[in-house]
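Subject: Structure handover

Hello,

Here is the structure I promised to pass on. Please open it first, then read my notes below.

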Amino acid sequence: MTGQTTVRHTAPADVRRDRPTAVPERAGVPVAEGEARLVTGEPGCGRSRFLDRAARAFTAGPVVLVRADPDSVTVPHGGLRALLRLSAEPRVTPPAVPPPNGLDRLDGLDGPSADAVLRSVLRAACADGPLLVCVDDAHLWDPASRAALGRLGRDPRAAGAVSLLLTAPGHRPVDPEFAGIPPLRLDPLTAAASAALLDEETGGSVDRGVRDDLVAEAEGNPALLLALLRSLTPAQLRGRAPLPRPLADAEILTGLVGGCLGALTAEEDQVLVTAAAAVREAEDGSAAVAPVRRALARLTGGAPAARLDPPPQLLVLGDGRLRFRSALVRRALYARAGERGRRAAHRALAAQEAGLPGLLHRAWAVPADATTAADGAAAALATGLAAAATDPAVPASPRLRCAALARAADLTGDGRDRAGHRLAAAQQALLAGQPHRALRLLDAVRTGAPGTELRGRAELLRGAALLRDGPVDEARATLLLAKSLLAAHAPAAALAATLGAADAAWAAGDVPGCLEALAEGHREQGRDGLSGPPAETGAGTPAGPGAGSAGPAASLPSGDDVLREHRRGMLALLERRFEAAVRSLRRVVDGAAPGDRVETLLRAAAAALLMGDLVGARGAATAALVAARTQGEAAALGPALEYLAYTELRAGRHGLARTHAEEGLRAAHRAGQRNTAAHHHAAQALAASIDGDADAVARHVRHAQEISLRHGLAQAATLAEWALARVDLGEGRPAEAADRLGPLVRPGPGRGHFAVWMLAVPCFVEAAARAGRGGSAGPVVEEFAEWARFGADPQAPAQLLRCRALLAPPDRADGLYESALALHETAGGDFERARTEFLYGQWLRRRRRLREARDRLGAALVGFERCGARAWAAQARAELRANGTSAGGARAGDLSALTPQQLRIVRHVAGGATNREIAQALTVSTRTVDYHLRKVFAALGVRSRVELARLVEQTEKTPAHP
């Protein structure tokens with residue numbers, strides 16, 4: 001065995017330039033002290049590089065990194081010997097006493113003795129601090145060493161402060177010795193990470209279109225990506241010569257999967273090729289076993305291969321389905337079978353499959369040269385395939401429909417029919433979350449010289465793809481072109497292009513562009529032009545699906561009435577015709593129902609957010625999410641989750657918003673939607689700013705701003721800047737927050753996005769007032785008053801009174817704070833109410849009204865803790881300490897500090913009564929009971945009714961009664 005050790009940030013000597021330099025993004029060391037992880041993934045996923053990065057990231061102590069030598073697999077204890085030798089090197093920490101049964105006597109030891117030697121050496125190595133042990137390709141160690149390593153992995157703490165990272169391939173069963181070690185599977189690279197890897201390797205010299213082709217072909221595998229890069233000529237990389245088709249041929253693919261295919265028998269190979277053909281376009285990478293079994297029987301005439309007994313290291317069977325352990329191995333098997341072998345497998349499967357899958361297998365079984373209308377059989381098959389793929393009654397995923405329509409186009413002669421098939425395939429590719437595939441199909445439509453309508457529909461789809469993943473100004477121009485091409489031929493499609501162009505302008509913060517897209521050719525009778533700035537809409541949410549959000553522009557329209565009403569509502573809102581806007585938007589929301597098409601539900605969610613109808617927005621976005629999952633529309637998952645995240649942010653449920661945004665970010669990456677990803681990064685930054693997680697805020701802001709700068713996403717950039725200001729405010733830096741927010745909220749060319757800046761006004765006013773700059777906030781408060789009157793934000797009226805209180809003289813501030821708290825009672829939302837309580841309590845403390853201040857600050861602390869606003873909670877505790885009150889809770893005798901009404905309520909709670917029962921007993925409302933309980937919880941420092949009952953029992957020593 002050979003080994004290599006590293007200390008702290010020293011890179012291993014055998015890290016080569018030809019090894020993948022990008023792996024799935026993970027921060028820090030992926031293992032805690034005293035824990036072990038088995039890092040797995042398919043061939044070429046970057047396991048070795050991941051281990052290198054983990055070794056460099058470990059700064060708590062020394063690192064031992066061992067790479068396996070496959071030629072020494074038969075040497076007993078060879079792997080263990082290498083590990084012990086490196087662990088005993090002086091630069092790691094030599095053991096003070098030679099280990100029992102030393103290195104040269106390992107060969108004669110049994111398992112327990114070998115374990116004792118290993119643990120003794122490692123314990124000595126980490127005597128002065130934690131130790132990270134990394135073993136690359138641990139599956140190649142000899143059996144005795146694997147067994148010892150596996151036992152260590154199940155209990156690393158037995159060797160001291162040791163952390164253990166092992167790597168093993170994920171396209172084969174886990175070695176029994178490592179079965180008890182928690183796995184850490186490396187996912188494929190995102191499209192953005194793959195593009196970054198190419199730019200790093202080439203200095204950004206690859207043509208953009210070629211880069212996108214390489215990223216799509218590699219499917220997130222870094223080794224395959226680099227192999228494809230090395231296979232192209234300089235002219236091809238610069239886009240001056242055509243690319244080979246397919247890009248990933250059999251030679252490249254089989255070269256990457258190594259020897260795992262070399263020992264297959266002819267029967268096993270036939271089983272695997274047939275299985276690979278069966279799952280070629282499967283959404284989940286699996287296929288039913290029964291049709292494959294029958295196809296094999298047809299291929300072999302009942303030979304033993306029909307038993308479907310595949311090599312378990314490559315194929316997994318369970319619950320009547322089969323799947324490959326590695327997508328790369330599956331692709332290699334399919335490619336090396338050759339056209340003849342693939343056609344035979346598809347022909348056999350076509351005889352066993354019904355519906356669209358059967359037709360598609362028949363189409364793939366057609367010879368490659370049968371691609372003209374002169375071949376009658378091929379043409380007939382293409383017609384039937386396209387008809388089935390466009391029939392909504394045929395159950396199929398968008399991905400399968402896309403494959404069927406693309407193949408139908410291949411089997412159709414040049415002309416309108418071929419262009420139509422490709423256009424329909426591109427539409428399905430967008431729904432399936434495959435924008436690159438859609439754009440390539442649309443390129444083929446463009447080169448086919450289609451008529452005006454087909455070209456217009458192609459530009460509509462191209463603009464929709466750019467709206468999710470591209471410069472939004474380009475998306476707007478493309479959609480306006482589509483609108484002009486479609487106006488005379490397809491008014492409904494032209495309307496979809498209109499809204500798409502408005503969405504693009506909205507994302508860019510271009511008010512005139514929004515008005516141009518919405519109003520041109522659709523002006524209402526008796527309406528004047530725009531006067532004054534647009535109404536501010538949405539709490540950090542796109543008004544109408546913005547950049548990265550799905551809407552009718554994502555596919556050809558189905559609900560014309562929905563589109564018309566949404567256009568009218570957006571236009572009226574921008575022109576400050578608020579009553580007309582609400583009427584139209586309300587029709588959009590009320591007209592949607594579970595079971596509607598995804599784009600209809602997304603429009604309803606957007607309309608509800610514009611009106612501040614959080615219940616309606618949550619319902620529509622949830623229905624859209626369910627529909628997208630049910631119908632396999634991967635492209636709609638990210639936008640639906642975006643609406644849910646922004647809805648929960650507005651409702652003050654920041655933890656739930658963060659959960660939605662995390663899931664939405666993964667969905668956006670899978671679908672290649674960087675613009676949608678930018679909004680999810682912004683949403684996570686906003687949620688993390690409430691949690692007080694400054695590092696997370698900075699990380700998500702960096703990602704959001706990087707995409708925003710490249711694609712012109714003014715809305716996401718403004719949201720990210722607002723999140724940074726909230727961190728400053730939450731950490732007690734009001735002057736810095738005011739400096740950051742001032743340019744965003746004041747009139748002028750630097751003002752933030754028009755759908756966001758008004759929402760940041762309360763933060764700016766608070767920051768300016770706390771920094772002693774209240775005079776600069778007056779003008780924006782008056783603009784905020786107009787926004788509050790619109791009624792689209794339930795919190796705005798209470799926030800307005802809080803802003804006025806911050807700027808008011810002492811004789812008026814008291815009443816304004818009280819009025820604001822009364823409005824919070826109806827608006828709901830723990831965070832905004834707690835902020836008002838906090839500022840009121842701070843104001844009271846500075847005027848030496850200490851008992852009142854304690855009540856307000858205590859209530860604020862409870863509210864902040866409820867919603868996870870840790871930074872704000874820390875400020876509330878500091879204010880309580882300055883007030884002479886402990887924030888940690890009350891002693892048993894502190895019940896005397898309660899008012900008589902509060903004491904009565906407390907005794908009812910101690911007796912087990914509910915809020916409703918207490919309200920009935922005291923002849924008050926349940927809201928009043930809840931209000932007093934919040935005060936009680938804050939004053940006594942308890943967090944639950946159980947704690948409160950226990951406190952009463954300890955204080956009074958008798959059952960509580962009113």
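Let me start with one glycine. At 39% relative accessibility, Gly619 counts as partly exposed. The term covers values between buried (under 20% relative accessible area) and exposed (over 50%), with a 1.4 Å probe and protein chains only. Gly619 sits in helix H26 (residues 614-631). Helices (H or I, at least four residues) and strands (E, at least two) are DSSP runs, numbered from the N terminus.

Some ground rules. This is a predicted model, where local features need pLDDT of at least 70 and side-chain atom pairs count only at pLDDT 80 or more, while totals for chains, interfaces and linings use all residues. Residues are numbered from 1 along each chain as its sequence is written, and side-chain values use heavy atoms, with hydrogens and water left out.

Aromatic rings

How many aromatic pairs does a search of the whole structure find? It finds seven. Rings of Phe, Tyr and Trp (its six-membered ring) pair if their centres lie within 6.5 Å; planes under 30 degrees apart count as stacked, over 60 as edge-to-face and the rest as tilted.

Take Trp506 and Phe754. Their ring centres are 4.7 Å apart and their planes stand at 70°, so this pair is edge-to-face. Trp506 belongs to helix H21 (residues 491-508), and Phe754 to the loop between helix H32 (734-745) and helix H33 (761-770), so the pair ties together parts that are 248 residues apart in sequence. Both Trp506 and Phe754 are buried.

Tyr817 and Tyr840 make a stacked pair, at 4.8 Å centre to centre and with 15° between the planes. This pair also links distant parts of the chain: Tyr817 is in helix H36 (residues 810-827) and Tyr840 in helix H37 (residues 830-846), 23 residues apart. Both tyrosines, Tyr817 and Tyr840, are buried.

Phe831, Phe838, Phe864 and Trp872 form one aromatic cluster.

Charges over rings

Two arginines deserve a look. Arg342 lies over the face of Tyr334, at 5.4 Å from the ring centre. Arg751 lies over the face of Trp757, at 3.3 Å from the ring centre. The rule: NZ of Lys or CZ of Arg is within 6 Å of the ring centre and within 35 degrees of the ring normal.

Strands

Strand E2 (residues 36-40) is mostly covered, with four of its five residues buried. E2 pairs with strand E5 (residues 162-167) in the parallel sense, over four bridges. Two strands pair if DSSP finds at least two bridges between them. Arg37 stands opposite Leu165 in E5. Three bridges join E2 to strand E6 (residues 183-185), and these two also run parallel. Here Leu38 stands opposite Pro183 in E6.

Elsewhere, three strands form an open antiparallel sheet in the order E7-E9-E8. Strand E7 (286-288) and strand E8 (315-318) stand at the edges with a single partner strand each, so one side of each has no neighbour in the sheet. Neighbouring strands of this sheet are turned by 25° against each other on average, direction ignored. E7 and strand E9 (residues 321-324) pair over three bridges in the antiparallel sense. Ala288 stands opposite Arg321 in E9.

Two helices

The axes of helix H19 (residues 452-468) and H21 come within 10 Å and cross at roughly 25°. Axes are lines fitted to C-alpha atoms, for helices over the stretch in contact, and angles run from 0 to 180 degrees between N-to-C directions. H19 and H21 are therefore roughly parallel to each other (angles under 35 degrees count as such).

Most residues other than glycine have a negative phi, and most peptide bonds are trans. Where are the exceptions? The peptide bond from Arg245 to Pro246 is cis, with omega near 0°. Pro246 lies in the loop between helix H8 (234-237) and helix H9 (250-257). Asp137 is not a glycine, yet has a positive phi of about 55°. Asp137 is in the loop between strand E4 (131-136) and helix H4 (143-154). Arg576 has a positive phi of about 65°, again without being a glycine. Arg576 is found in the loop between helix H23 (560-574) and helix H24 (578-590).

Best wishes

Conventions
Parallel < 35°, antiparallel > 145°, perpendicular 65-115°, else oblique.
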